[in-house]
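Here are my notes for you to read alongside the structure. Keep the viewer open and pick out each residue as we get to it.

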Amino acid sequence: MTATQILFLIAAYFCVLILISYFTGKEDSNDAFFKANKSAPWYLVAFGMIGASLSGVTFISVPGWVAGSQFSYMQVVFGYLVGYLVIAYVLMPIYYKMNVTSIYQYLENRFGVVSYKTGAFFFFISRVLGAAFRLYLIAIVLQKFVFDDFGIPFVVTVSISILLIWLYTFKGGIKTIIWTDTLQTLFMLTALVVAVYLITDKLNWSFADFFASEELTKYNKIMFTDSILAKNHFIKSFLGGMFIAICMTGLDQDMMQKNLSCKSLKDAQKNMLSFASVLIVVNFMFLLLGALLFIYAEKNQIAIPTLDGKVKTDLLFPEIALNGGLSITLAIFFLLGLIAAAYSSADSALTSLTTSFCVDFLGIEKREKHVQKGLRKRVHILMSVLLIIVIVIFKYVLDSNVIDNLLKVAGYTYGPLLGLFAFGIFTKYTIKDNYVWLVALLSVLISFIIGTIPAERLGGYVIGYELLIINGILTFIGLLLISKKSKA
């Protein structure tokens, strides 16, 4: 496909999203923007959350990770499933009982204002970085395969991407996103199935032939149990995945905002269990796609793409889909799937950042009614500008696989949230609220120091995703040190 054809496809796609936003954003109220009036059907939320959870990171980066890690990512995915059960039956009942708009209001009720602001702050940092990672991935693909041909600089590419999201979310917010995410998830899953089918067909394989092929055995190892010292050992990956799910979904305003839009706790739990089940299958399919891509590249002497002189396995899927000698059908579905995967996550991130900043930091619910809507809209623009700045910075600092970077950063930013919520739920202690920010900051700093210790100094032990657990434990211990007897 030419750059012009791709551009027209993107324009048509966003016209559809803006049309959806026209019908869903007519009310333009804060209650619809933040909570979808608590009337969203659970099955729509569940289906849309698949796309929001996977995002462009899974669509491109998970397949690109296969050459270096094989199917070890499934160990993390199995941990996700247990984490989602904890969310459904431990965290959700708390949120629904308190009827919160922001889940960090729980921390204010349990500990005090400083704890509340600390939790909201760490979510804010986590979500800005997470959304920027996801949007950075779509931006570099659009830059390489579309905008470079027109001589358009990267910062303009990013700005256009954010502007398009702003256009279809600025009125309806979460109410619009529930519907657009449903459409985008459908596009993403269709693209996955079409890609697997067309590449296997080009290799003259049936799906059964691919499964039985000797080439697949180079990539399909799932369980790594040889050495506990290794980063990808099963126990470390499984526990890391479990706590990543708890933190990046259950303690994340972005993902929980969708769940809180359901009519009841029971509906929200059905949503979470359905979502978790489908997610396992979808992630496995993306890993199979990754193996297919590397097999196809090797058989057809397709080089791994580079960006600014650095090898980027994340770009292998777009390279093969757009320039790999396959049909235009794959190119079209790839682009639809990529855009859908990237924006289904990014649009909800922009909305949740706006919600968190308005509710948690500006106290919008306590302000006069006539100023609330205008304030929300100004914050929505501010969050858009912030994302543009962070994404442009990423272009110059990221040098490895995006999903690995994303999970690594989560270990630092979500750890204090894990410790705070665990301490609140599983103990009866009160704490000296004014010192919570210091505990959280020290936990992150100590975790960072631990994470940078060379493996040689730890007897060959490589710290992986368990750093999130370590960070949470450090926060929990710190809170214990500033705790006091409950007045109850």
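1. Let's begin with a pair of helices. On the helix 17 side, Gly415, Pro416, Leu418, Gly419, Leu420, Ala422 and Phe423 make the contact, and they meet Leu468, Ile469, Asn471, Gly472, Thr475, Phe476, Leu479 and Leu480 in helix 19. Sort the residues of this contact by type and you get 10 nonpolar, five polar and no charged. Do keep in mind that you're looking at a predicted model.

2. How do these two helices cross? Two packed helices are described by the angle between their axes and the distance between the axes. The axes of helix 17 (residues 415-426) and helix 19 (residues 467-481) cross at roughly 50° and come within 7 Å. That angle is why helix 17 counts as oblique to helix 19. As for handedness, the crossing of helix 17 and helix 19 is right-handed.

3. Now try a second pair. Helix 12 covers residues 265-299 and helix 13 covers residues 316-323; their axes come within 10 Å and cross at roughly 60°. Helix 12 and helix 13 are therefore oblique to each other. Is this crossing left-handed or right-handed? Helix 12 passes helix 13 in a left-handed crossing.

4. Who does the touching here? Helix 12 brings Leu289, Leu293, Phe294, Tyr296 and Ala297, while helix 13 brings Leu316, Phe317 and Ile320. By type, the residues of the contact of helix 12 with helix 13 come out as eight nonpolar, no polar and no charged.

5. Leaving out residues up to four places away in sequence, Leu289 touches Pro63, Leu192, Ala195, Val196, Ile199 and Phe317. The largest nonpolar core has 153 residues, and the ones touching the most other members are Phe59, Tyr84, Tyr95, Tyr104, Ile199 and Leu289.

6. Stay on helix 12, where you'll also find Leu279. Is Leu279 buried or exposed? With a relative accessible area of 2%, Leu279 falls under the 20% cut-off, so Leu279 is buried. Leu279 and Phe47 are 232 residues apart in sequence, but their C-alpha atoms are 10.0 Å apart in space.

7. Finally, zoom out. The protein has 19 helices and four strands, and 58% of its 488 residues count as buried. Take the contacts between residues at least 6 apart in sequence: 85% of them join residues at least 24 apart. The Leu279 and Phe47 pair, 232 residues apart in sequence, is a handy one to look at while you think about that.

Technical notes
Residues are numbered from 1 along each chain as its sequence is written. This is a predicted model: local features need pLDDT of at least 70, side-chain atom pairs count only at pLDDT 80 or more; totals for chains, interfaces and linings use all residues. Side-chain values use heavy atoms; hydrogens and water are left out. A nonpolar core is a set of buried Ala, Val, Leu, Ile, Met, Phe, Trp, Tyr and Cys residues joined through side-chain atoms within 4.5 Å. Buried means under 20% relative accessible area, exposed over 50%, partly exposed in between (1.4 Å probe, protein chains only). Contact means heavy atoms within 4.5 Å. Axes are lines fitted to C-alpha atoms, for helices over the stretch in contact, and angles run from 0 to 180 degrees between N-to-C directions. Helices (H or I, at least four residues) and strands (E, at least two) are DSSP runs, numbered from the N terminus. Angles under 35 degrees count as roughly parallel, over 145 as roughly antiparallel, 65 to 115 as roughly perpendicular and the rest as oblique. A crossing is left-handed if the near helix is turned anticlockwise from the far one by less than a right angle, and right-handed if clockwise. Ala, Val, Leu, Ile, Met, Phe, Trp, Tyr, Cys and Pro count as nonpolar, Asp, Glu, Lys and Arg as charged, and the others, Gly among them, as polar.
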